[in-house]
Amino acid sequence: MPSTPSHLKIGMQRSSYSRVSFGKHLQEEERKKDKSPDIEPLNGDKADNEGVLPGVEYINMGLEDQMEVYGYRRHTLSTGVSWFFIILTLGAIRLVFHWWPHLMLFATHYQCPLRVADKLLIVERYKKKHKCYHVKTIKVLSVETLIKESQNQEKFLKDDIEEEIFLELMKKPHRKLPIHVSGGSFMELSSVRMFECKKQRYFWDEEKSEFFKLTGLDSSITTSTLHHQIGLSLVQQFLRRLVYGKNEIIVPMRGILALLFLEVLNPFYVFQFFSFALWFADDYVYYAVAILIMSAVSIIMTVIQTRNNQIKLHSTIHSSDVVSVLQAVGGTKEPRVVTIPTEQLVPGDLMLVPTHGCIMHCDAVLLAGNCIVNESMLTGESVPVTKTPLPNSPGVRYDDKEHARHTLFCGTNVIQTRYYGKERVYAVVIRTGFSTAKGNLVRSILYPAPVDFKFEQDSYKFVQMLAAIASIGFLYTVITKAMRGVPARDIALEALDLITIVVPPALPAAMTVGRMYA
């Protein structure tokens, strides 16, 4: 079993942000699995292969998160016509596009093959009952483009390490990006097309003409290959960080103004403001002011609650520290030990686990030494478990479930380490960011599967029935008033007022509260 050189006396420094508490989220996930007659989970453990449509491209084919993907390119004429009508309707059509972004894509783009697309429409189906649409932009990554941008912005010249990377890239500007395929083998490309969906990255495969999900070193790799990892050089770490992104799990936090605008543009509040303007024009001043005050208070309370929830979730999940890794140096046999922020870890790094323990910020496979780990974040059990080195068995593939006793999962607490003689405890990083065990847990919180509420279904039917009645009354009022020669202004006020009578502005708020307690 490989050992760490005796002259490497290193450790991991702790910061004041190195605590992660995640037990509550696990309990919430367990409660979601409980069955009830009113709630039915729609996202099963396996994909419904019977729903595969002929001639449709898919990502994550045959997996739980299987999704349809369609390519689109911008159409100049359609874009101009769409914005003409947006201006003509004073932004009303743009508001509809805000509620349904895929309609904006249909109006300004045309469908095309994936290999030439610059926009993607991703359709996610949940047991043929719900559909979710995601509109994503395709980005192109290349080292040469990055160097040109860096020269213009001078964003590399912040410290000595970044300057060293910049100088190495300038010597060989035609470096290629390493894209992990499987089994520890990397496909090197000068430029690559990619997009992000639900905190996961997808890259374009020219040979297969399809997008595939970027995986860590845990994909179809043998245990002997993991033992042969010798660490990465400074440039290799940087190039992999470009591909995988930073090793961080960040909950998106919107500003107060952004939350305020998003809440105001909610269809419910748009309908209330429409009712306010109508009643004010019809001299219902006191009732209109009462509705306006009620809406303003509701918006403010919702924004405050949403902001507080974001802050609490962000502070609970966010964790940062420093870690010692073995870094390969050209021209020398022994790698050097450097201390880097945990955000810079990438799959393939060899990290040294300190004797006093640490909080894991990535998923790593233990290669040497033993660890006593508190995995209550994952299992809920407070009894620590012992992690042993991964056996070096040629031909045996690594499996995170089968080799769980040899894996240090992100978010778990390494209480202490054990080693024999001069050997040090080190592990190879296999997953980072949202691909880790903790990252998948956070993704399930940020993107929960929709559930079927009987009350919600009945409430939608009730609103649709009221809208149908209001439409009939609207048409009847317009026709009868017009036949009597009533002025157009009075017809518009009375006909629109009928809609606010049949569908009261306070009804959606009452239904939301009822659905919350249902």
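**Close-up 1. Residues 284-304 of the predicted model are 95% helix and 0% strand.** The model is a prediction. In the unreviewed UniProt entry, residues 284-304 are among the segments annotated "transmembrane region".

**Close-up 2. Residues 256-278 are 91% helix and 0% strand.** Here the end C-alpha atoms are separated by 29 Å. Residues 256-278 also carry the "transmembrane region" annotation in the unreviewed UniProt entry. The other segments that the entry lists under this annotation are 81-100, 462-479 and 491-513.

**Close-up 3. A nonpolar patch on the surface is formed by F280, V285, Y286, V289, I293, V297 and M301.** Together these residues have about 730 Å² of accessible area. Helix α11, which spans residues 285-317, makes the largest contribution to the patch, with six residues. I293, one of the patch residues, is located in helix α11.

**Close-up 4. Four strands form an open sheet in the order β16-β21-β18-β19.** The pairing in this sheet is antiparallel.

**Close-up 5. Strands β18 and β19 are paired in the antiparallel sense.** Strand β18 comprises residues 370-374, and its pairing with β19 extends over three bridges. Across this pair, T386 in β19 is the residue opposite I372.

Notes:
Residues numbered from 1 in each chain as written. Predicted model: local features only at pLDDT ≥ 70, side-chain atom pairs only at ≥ 80, totals over all residues. Heavy atoms only, no water. Patch = residues over 30% accessible without salt bridge, like charges linked within 9 Å, V, L, I, M, F, W, Y side chains within 5 Å. Areas by Shrake-Rupley, 256 points an atom, 1.4 Å probe, with all protein chains shown as cover. Salt bridge = Lys/Arg side-chain N within 4 Å of Asp/Glu carboxyl O. Helix = DSSP H or I, 4+ residues; strand = E, 2+ residues; numbered from the N terminus. UniProt positions renumbered as here; feature names shortened; annotations may be inferred. Pairing = 2+ DSSP bridges.
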